[in-house]
Amino acid sequence: MCHYTHLILFDREKMLFFLAESKPVTQIAHLLNRSESTILCELRRNADLTGQPMSYCPLAVQALYKQRRKASHSHKRLKNQSCILEYH
């Protein structure tokens, strides 16, 4: 049973608001009712590391999330398995 829920756009927008207020990651995690590691991973994965204070864009991050989810699903198997066996 999986207890993990993905961040949604609203969570990401709240996170941007809290980052703009210079709240620490621990407080952001508490306010969003998430673990600190979830927030850190989100920022590490999606924040622009150029050093600019507002380098986290929730809309762009949500679009990247959707692309990653779509690419992560397994591909369907071929119906005719004999085609594969001929090449081996």
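**Exercise 1.** Which residues line the largest pocket? Characterise this lining in the predicted model by origin and by residue class.

*Solution.* 
Step 1. The residues that line the largest pocket are Y4, H6, L7, R12, T38, C41, E42, R45, N46, Y65 and R68.
Step 2. Assign them to helices: α3 (36-46) and α4 (58-72) each supply at least two residues of the lining. The greatest contribution comes from α3, with five residues.
Step 3. Sort the lining by class: four residues are nonpolar, three are polar and four are charged. Tyr and Cys count as nonpolar in this scheme.
Step 4. State the volume: the largest pocket holds about 230 Å³ of space.

**Exercise 2.** Describe the secondary structure, burial and contacts of the chain.

*Solution.* 
Step 1. The chain contains five helices and zero strands, which gives the pattern α-α-α-α-α along the sequence.
Step 2. Of the 88 residues, 24% are buried, with under 20% relative accessible area as the cut-off.
Step 3. Take the contacts between residues at least 6 apart in sequence: 47% of them join residues at least 24 apart.

**Exercise 3.** Where in the chain is confidence lowest, and where is it highest?

*Solution.* 
Step 1. Begin with the whole chain: the mean pLDDT is 81, and 75% of the residues reach 70 or more.
Step 2. Confidence is lowest in helix α5 (residues 82-86), at a mean of 56, and highest in helix α2 (residues 25-32), at 96.

Note on methods:
Residues are numbered from 1 along each chain as its sequence is written. This is a predicted model: local features need pLDDT of at least 70, side-chain atom pairs count only at pLDDT 80 or more; totals for chains, interfaces and linings use all residues. Side-chain values use heavy atoms; hydrogens and water are left out. pLDDT is the predictor's confidence in each residue, from 0 to 100. Helices (H or I, at least four residues) and strands (E, at least two) are DSSP runs, numbered from the N terminus. On a 1 Å grid over the protein atoms alone, a cavity is a set of points where a 1.4 Å probe fits but cannot get out, and a pocket is an open set with protein on both sides within 12 Å along at least five of seven lines; lining residues have an atom within 4 Å of a point. Grid points are joined across faces, edges and corners, and a volume is the space filled by probe spheres set on the points. Buried means under 20% relative accessible area, exposed over 50%, partly exposed in between (1.4 Å probe, protein chains only). Contact means heavy atoms within 4.5 Å.
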